Amino acid sequence: VMVFCWCQDTRMAKQNPGNLREGVVILETEVLNLELNKDRDVQRIHGSGVNTIDIDPIEGKYMLSGGSDGVIVIYDLENISRKPQYTCKAICTVGRSHQHSHKFSVETVQWYPCDTGMFTSSSFDKTLKIWDTNSLLPAEVFTFEGTVYCHHMSPIATKHCLIAVGTKNPKVQLCDLKSGSFTHILQGHKGEVLSVKWSPRHEHILVTASADSKVRFWDVRQAAGSVIVLDQHNGETAKSSSEAGNTAHYGRVNGLCFTSDGLHLLTIGTDDRMRLWNSSTGVNTLVNYGKVGNESRKSLQFTVSSGCSPDFAFVPVGSCISVYDIYSGQLLTELRGHYNSVNCCIFQSDFQVSHLFFLSMPIFLSGRQAHSLSGRILTEFQRV
């Protein structure tokens, strides 16, 4: 298992705080010149593929990972020694021998947005678990009828504590952390729900993506159905197919990601296309990214930058990470270094140490390839 970290110096912005824009422009131009730094490692714990990662939004210090072996790991990313070469250690592990570990593959992990004292995980074992970080015991367990593909908590909510969950069942379920019960069922999809995301701009707006080729916007305050169903043709019926209207993609939609300001939404489907939508109107902006390979049958975790202008999209495509200019559609570069398919990635902006971090984890390599890695699982993309 390998992790790659892109690290870009932002000290110029700190030296001239009145002109942060200047520092951002430097990041734009130098994203094309990233190379691997082999001085950083992450302790190897997972025995098979890593499906999901998340970095805590409070300190940017702790990273969660969930694997297809059912194991959950918490890493400390901070370099206390300040030495150029260091290994990020695992400080907590929910291993296979743990009494409350997931029985099957962990598909999503997420820190509680307001406190590192709690995190969540969901699994193919049909459960969503709410964990107490200090005791490593589940404070609550939600059980579903179908396989759980994804879940998400709102990063900005102050008026609700709802977790949206996507499962093999077409109905989206909302779990309330306060009451410990299911509070809402959102009906409308005709296929399994592969991705769910709360808006980072409006706390009651939820977006869901399904195998039925549709992406739906919901206002959870309303009892009615979805408020918007994305249409790739913007209301114009496709000439090639009478059934193409009102679909976001021609294939399964398995990836959702809002831009950092919440004004736009990126979607990815198994039709090898990525689309950019106005999140207020639901209009397809028709930005052309070309072919964006997507062979994943599950939820695809991709990410966007924050603090840059324009924003970049980082998308796992095969064994590399493709970097796109979100608003022009231009493929800027491809970050290479993995030996097998990349499964997830996350972008972390950390101005305390004057760097921007980008991490990714691929599906685990087996046999001779895995042995040849010798446990080295973190490197760094840096400026040349």
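Mentor: A nonpolar core is a set of buried Ala, Val, Leu, Ile, Met, Phe, Trp, Tyr and Cys residues joined through side-chain atoms within 4.5 Å. The model here is predicted.

Trainee: Which residues of the largest nonpolar core touch the most other members?

Mentor: Leu 266, Met 274, Tyr 289, Ala 313 and Val 315, out of 16 residues. Two or more residues each come from β22 (264–269), β23 (273–278) and β25 (312–317), and β25 gives the most, with 3 residues. A second, separate core has 14 residues, including Cys 150, Leu 194, Val 196 and Trp 218.

Trainee: What does Leu 266 contact, leaving aside its neighbours within four places in sequence?

Mentor: Among them are Met 274, Tyr 289 and Ala 313, along with Phe 302, Val 304 and Ile 326.

Trainee: Why is Lys 129 said to have no salt bridge?

Mentor: The nearest side chain of opposite charge, Asp 125, is 4.9 Å away. A salt bridge needs a side-chain nitrogen of Lys or Arg within 4 Å of a carboxyl oxygen, so Lys 129 has none with Asp 125.

Trainee: What makes the approach of Lys 129 to His 100 a polar contact?

Mentor: A polar atom of the Lys 129 side chain lies 2.6 Å from the backbone oxygen of His 100. The cut-off is 3.5 Å, so the pair falls within it.

Trainee: Which residues does Lys 103 contact beyond four places in sequence?

Mentor: Arg 96 and Asp 125. Lys 103 lies in the loop between β8 (90–94) and β9 (106–111).

Notes. Residues numbered from 1 in each chain as written. Predicted model: local features only at pLDDT ≥ 70, side-chain atom pairs only at ≥ 80, totals over all residues. Heavy atoms only, no water. Buried < 20%, exposed > 50% of the residue type's maximum accessible area, 1.4 Å probe, protein only. Lys, Arg positive; Asp, Glu negative; His and termini not counted. Polar contact = N/O pair within 3.5 Å; in protein donor to acceptor, adjacent residues only side chain to side chain. Helix = DSSP H or I, 4+ residues; strand = E, 2+ residues; numbered from the N terminus. Contact = heavy atoms within 4.5 Å.
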